Amino acid sequence: QSIHSPFSGEYRVRYLWEGGELGDHVRNALIDCIEDCARFDIPVMVMGDCNFNQDSVPYANMTKAGFVTAEKTARLSKVTGYATYFSYGTSIKTGKSIDHIFQLGGIDFVAHMIVRDKLVETASDHCPVYTDFNITKK
């Protein structure tokens with residue numbers, strides 16, 4: 001079953017980056033959603049263009065809360081060490097990713113990939129990031 005946190009109306013994710021009362025409201029709603037999932041042993045994945053790297057406060061907050069990333073914990077293969085954001089038409093460079101896949105609650109990350117072929121450089125300003133995973137049975 002897929003449970004999605006609210007991402008529209010008064011719960012727009014962009015409010016998290018704007019801060020203030022709206023940012024606090026969205027953050028608290030997302031935390032409530034994650035806590036509800038934990039209470040019923042439902043694994044949680046958080047993924048996307050996070051706009052923060054592994055040296056940032058938001059990343060530290062995620063890991064302090066128990067989240068782990070596919071980039072660091074995939075057990076069979078992982079691609080890491082590339083900046084996943086770049087200017088259109090420029091080359092992908094080594095660096096720190098700002099696009100992440102986090103999990104909490106027993107998801108088994110098997111493989112992690114940062115797509116870096118030439119087509120990516122003309123199609124977007126981010127490298128696609130994906131993972132192969134298994135939901136661990138309890």
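In this predicted model, ring pairs tie Phe52, Tyr59, Phe67 and Phe102 together into a cluster. The structure has three aromatic pairs. In one of them, the ring centres of tyrosine 59 and phenylalanine 102 sit 5.6 Å apart with the planes at 55°, so this pair counts as tilted. The two partners come from distant parts of the chain: tyrosine 59 belongs to helix H3 (residues 57–64) and phenylalanine 102 to strand E4 (residues 99–104), 43 residues apart. Tyrosine 59 is buried, at a relative accessible area of 7%, and phenylalanine 102 is buried too, at 0%.

Phenylalanine 102 also pairs with phenylalanine 67; here the centres are 6.3 Å apart and the planes meet at 85°, so the arrangement is edge-to-face. Phenylalanine 67 is found in the loop between H3 and strand E2 (68–69), while phenylalanine 102 is in strand E4, so this contact ties together parts 35 residues apart in sequence. Both of these phenylalanines are buried.

Turning to the strands, E3, E5 and E6 make up an open sheet in the order E3-E5-E6, with mixed pairing. E3 and E6 are the edge strands, each pairing on one side only. Strand E5 (residues 107–114) is mostly covered, with six of its eight residues buried. On one hand, E5 pairs with strand E3 (residues 77–78) in the parallel sense through two bridges, and serine 77 has alanine 111 of E5 as its bridge partner. On the other, E5 and strand E6 (residues 129–135) run antiparallel and are joined by seven bridges; there, aspartate 108 stands opposite asparagine 134 of E6.

A ring also features in another contact: arginine 116 lies over the face of tyrosine 82, 4.2 Å from the ring centre.

How values were computed
Residues are numbered from 1 along each chain as its sequence is written. This is a predicted model: local features need pLDDT of at least 70, side-chain atom pairs count only at pLDDT 80 or more; totals for chains, interfaces and linings use all residues. Side-chain values use heavy atoms; hydrogens and water are left out. Buried means under 20% relative accessible area, exposed over 50%, partly exposed in between (1.4 Å probe, protein chains only). Helices (H or I, at least four residues) and strands (E, at least two) are DSSP runs, numbered from the N terminus. Two strands pair if DSSP finds at least two bridges between them. Rings of Phe, Tyr and Trp (its six-membered ring) pair if their centres lie within 6.5 Å; planes under 30 degrees apart count as stacked, over 60 as edge-to-face and the rest as tilted. A charge sits over a ring if NZ of Lys or CZ of Arg is within 6 Å of the ring centre and within 35 degrees of the ring normal.
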